[in-house]
Amino acid sequence: MKILSLIMARAGSKRLKNKNLKKIKKYNLVERSIHISKKLKKNNLVCDTLLSTDSKRILSIGKKNNIISPWLRPKNLSTSRSTSIEAALHAIKWYEDAHFKLDALLLLQPTTPFRKFKDV
């Protein structure tokens with residue numbers, strides 16, 4: 001089964017500025033999601049990890065961690081009124097056009113920092 005791990009990390013946050021870059025101990029929220037996704041891939045539970053963001057800083061974190069980080073998310077999919085579904089469909093379409101058709105999607109939200117491998 002081809003499952004894509006998708007990490008969606010928008011730069012703007014109304015209540016907590018740069019929330020996805022906040023650190024808990026030595027890793028920020030985006031890095032925590034990346035680490036879980038890498039474990040899933042190592043165990044053949046996902047085929048790839050894709051990062052969808054509108055932040056150059058977050059995009060560079062994805063590239064540094066060798067996950068697929070191809071573009072900055074379009075502005076119309078990065079507002080406080082944009083839905084996660086719209087952004088996820090954009091990412092899925094790009095991935096399937098560039099790679100292969102997927103069977104499923106696993107959304108790893110950075111705002112769930114205490115998830116463990118066994119939870120997934």
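# Salt bridges, sheet and pocket

Lys-41 has a relative accessibility of 38%, so Lys-41 counts as partly exposed. On this scale, buried means under 20% relative accessible area, exposed means over 50%, and partly exposed lies in between, with a 1.4 Å probe and protein chains only. The structure is a predicted model, in which local features need pLDDT of at least 70 and side-chain atom pairs count only at pLDDT 80 or more, while totals for chains, interfaces and linings use all residues. Residues are numbered from 1 along each chain as its sequence is written, and side-chain values use heavy atoms, leaving out hydrogens and water.

## Salt bridges

Side chains of opposite charge can pair when their charged atoms come close. How many salt bridges does the structure hold? There are three. A salt bridge here is a side-chain nitrogen of Lys or Arg within 4 Å of a carboxyl oxygen of Asp or Glu.

| Salt bridge | N to O distance |
|---|---|
| Lys-64 and Glu-31 | 3.7 Å |
| Asp-48 and Lys-41 | 3.0 Å |
| Asp-97 and Lys-93 | 2.7 Å |

The side chains of Lys-64 and Glu-31 meet in a salt bridge. This pair links distant parts of the chain: Lys-64 belongs to helix α2 (residues 56-64) and Glu-31 to helix α1 (residues 29-42), 33 residues apart. Helices (H or I, at least four residues) and strands (E, at least two) are DSSP runs, numbered from the N terminus. Lys-64 has a relative accessible area of 58%, so Lys-64 is exposed. Glu-31 is buried because its relative accessible area is 10%.

In the salt bridge between Asp-48 and Lys-41, Asp-48 is the buried residue, at 13% relative accessibility, and Lys-41 is the partly exposed one.

Asp-97 and Lys-93 sit four residues apart in helix α3 (residues 84-98), about one turn of the helix. Both of these residues are exposed.

## The sheet

In what order do the three strands of the open sheet run? The order is β4-β1-β5, with parallel pairing. Two strands pair if DSSP finds at least two bridges between them. At the edges are β4 (48-53) and β5 (104-107), each of which pairs on one side only. Neighbouring strands of this sheet are turned against each other by 30° on average, direction ignored. For such angles, axes are lines fitted to C-alpha atoms, for helices over the stretch in contact, and the angles run from 0 to 180 degrees between N-to-C directions.

Strand β1 (residues 3-9) pairs with β5 over four bridges in the parallel sense, and with β4 over six bridges, also in the parallel sense. Ser-5 has a bridge partner in each neighbour: Thr-49 in β4 and Leu-106 in β5. Leu-6 has Leu-50 of β4 as its bridge partner, and Leu-4 stands opposite Leu-105 in β5.

Is β1 mostly covered or uncovered? Seven of the seven residues of β1 are buried, and the strand is mostly covered. On one side of β1 are Ile-3, Ser-5, Ile-7 and Ala-9, and on the other are Leu-4, Leu-6 and Met-8. In β4, six of the six residues are buried, so the strand is largely enclosed by the rest of the structure. From β4, Asp-48, Leu-50 and Ser-52 point one way, and Thr-49, Leu-51 and Thr-53 point the other way.

Helix α1 lies across β1, β4 and β5 and runs at about 175° to β1. Helix α2 lies across β1 and β4 and runs at about 165° to β4.

## The largest pocket

Rolling a probe the size of a water molecule over the atoms shows where empty space is left. The largest pocket has a volume of about 480 Å³. Of the 22 residues that line this pocket, the closest to its centre are Arg-10, Gly-12, Lys-19, Asn-20 and Ser-84. The elements that give two or more residues to the lining are β1 and α3. A pocket, on a 1 Å grid over the protein atoms alone, is an open set of points where a 1.4 Å probe fits, with protein on both sides within 12 Å along at least five of seven lines; lining residues have an atom within 4 Å of a point. Grid points are joined across faces, edges and corners, and a volume is the space filled by probe spheres set on the points.

Asn-20 lies in the loop between β1 and β2 (23-24). With a relative accessible area of 6%, Asn-20 is buried. Neighbours within four places in sequence aside, Asn-20 is in contact (heavy atoms within 4.5 Å) with Ala-9, Arg-10, Asn-28, Leu-29, Val-30, Ile-58, Pro-110 and Thr-111.
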